[in-house]
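The following exercises take a reader through one structure, each with a worked solution. Please keep the sequence and the model in view while working.

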Amino acid sequence: MSEKNLKQTVEDRAGAVLDPIVAGEGLELVDLEFVREREGWVLRLFIDKPGGRVGLDECSQVSRAVDPVLDVEDFIPHEYSLEVSSPGVDRPLKKPAHFERVQGQKVKVKTFGPVGDPPRKNFTGTLTGVAGDGISVEVEGAGTFHILFKDIAKANLEFEF
C-alpha cells in the first residue's frame, strides 16, 4: 500500500471509530491527520467543545478515552504516536456546522479549481452566508462569491490580531 493510500485509509478509519468516542466525552472531533514526521508516524486529533477553549484537561481526557480503542481496533500497521490538540485560532472548517459557527468572521478558502467570476482558487474575506450546498464569502474589492462545499479543498478561520 502506498504511503498516500495508507494515510487516507488510517484517517478514514480513525474518523469513523473515534468520532463517536470523542462525542461521548462531550467534545467534537474537528479534524485529524495521520502524518509522517522526522520522529515517526503521528495520529493527531483536533478537538473542540461548545464555546471553544479546549485545554490540557480535555486533551488528556480524550487521549485516555481513545487510546484503548485504538489498541483494540488495531488498524494502524506500524508504530505511531497519538497527539490530541485544540484546533487553534486558525481552526480548520470542514463541516457545514463549522462554517455556521464562524459566520460573520474572516475566513480563508482554497478550492480544487477556479470558481466565480472572475475565476479564482483562493478567497480571503468575510463569511456572509452558509446555505445547504455551500458558503458565501465577501472578498474586499472583488465582491461576494458562492462556493459549493464540494469545491472546497481547504478552509480555515483567519484570525485577526
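UniProt positions are given in the numbering used here, feature names are shortened, and annotations may be inferred rather than shown by experiment. Residues are numbered from 1 along each chain as its sequence is written. The model is predicted: local features need pLDDT of at least 70, side-chain atom pairs count only at pLDDT 80 or more, and totals for chains, interfaces and linings use all residues, while side-chain values use heavy atoms, with hydrogens and water left out.

**Exercise 1.** State which feature UniProt places at residues 18-90, and describe the chain there.

Solution. Step one: the unreviewed UniProt entry places "domain: Ribosome maturation factor RimP N-terminal" at residues 18-90. Step two: over this stretch the chain is 34% helix and 33% strand; helices (H or I, at least four residues) and strands (E, at least two) are DSSP runs, numbered from the N terminus. Step three: the end C-alpha atoms of residues 18-90 are 23 Å apart.

**Exercise 2.** Determine the order of the open sheet of three strands and the helices that pack on it.

Solution. Step one: the order is E1-E2-E3, and the pairing is mixed; two strands pair if DSSP finds at least two bridges between them. Step two: strand E1 (28-37) and strand E3 (81-85) each have a single partner strand, so one side of each is left without a neighbour in the sheet. Step three: the twist averages 20 degrees from one strand to the next; axes are lines fitted to C-alpha atoms, for helices over the stretch in contact, and angles run from 0 to 180 degrees between N-to-C directions. Step four: nine bridges join E1 and strand E2 (residues 40-48) in the antiparallel sense, and Arg-36 stands opposite Trp-41 in E2. Step five: helix H1 (residues 3-24) packs on the sheet and touches E1 and E2, its direction making about 150 degrees with that of E1. Helix H2 (residues 56-73) also packs there, touching E2 and E3, at about 145 degrees to the direction of E3. Contact means heavy atoms within 4.5 Å.

**Exercise 3.** Classify the aromatic pair of Phe-99 and Phe-149 and that of Phe-123 and Phe-145.

Solution. Step one: rings of Phe, Tyr and Trp (its six-membered ring) pair if their centres lie within 6.5 Å; planes under 30 degrees apart count as stacked, over 60 as edge-to-face and the rest as tilted. Step two: a search of the whole structure finds three aromatic pairs. Step three: Phe-99 and Phe-149, at 5.6 Å centre to centre and 50 degrees between the planes, form a tilted pair. Phe-99 is in helix H3 (residues 96-101), and Phe-149 is in the loop between strand E7 (143-148) and strand E8 (152-157), 50 residues apart. Phe-99 is buried at 1% relative accessibility, and Phe-149 is buried at 19%. Step four: Phe-123 and Phe-145 are edge-to-face, with 5.1 Å between centres and 65 degrees between planes. Phe-123 lies in strand E5 (residues 120-130) and Phe-145 in strand E7, so this pair ties together parts 22 residues apart in sequence. Both Phe-123 and Phe-145 are buried.

Methods
Buried means under 20% relative accessible area, exposed over 50%, partly exposed in between (1.4 Å probe, protein chains only).
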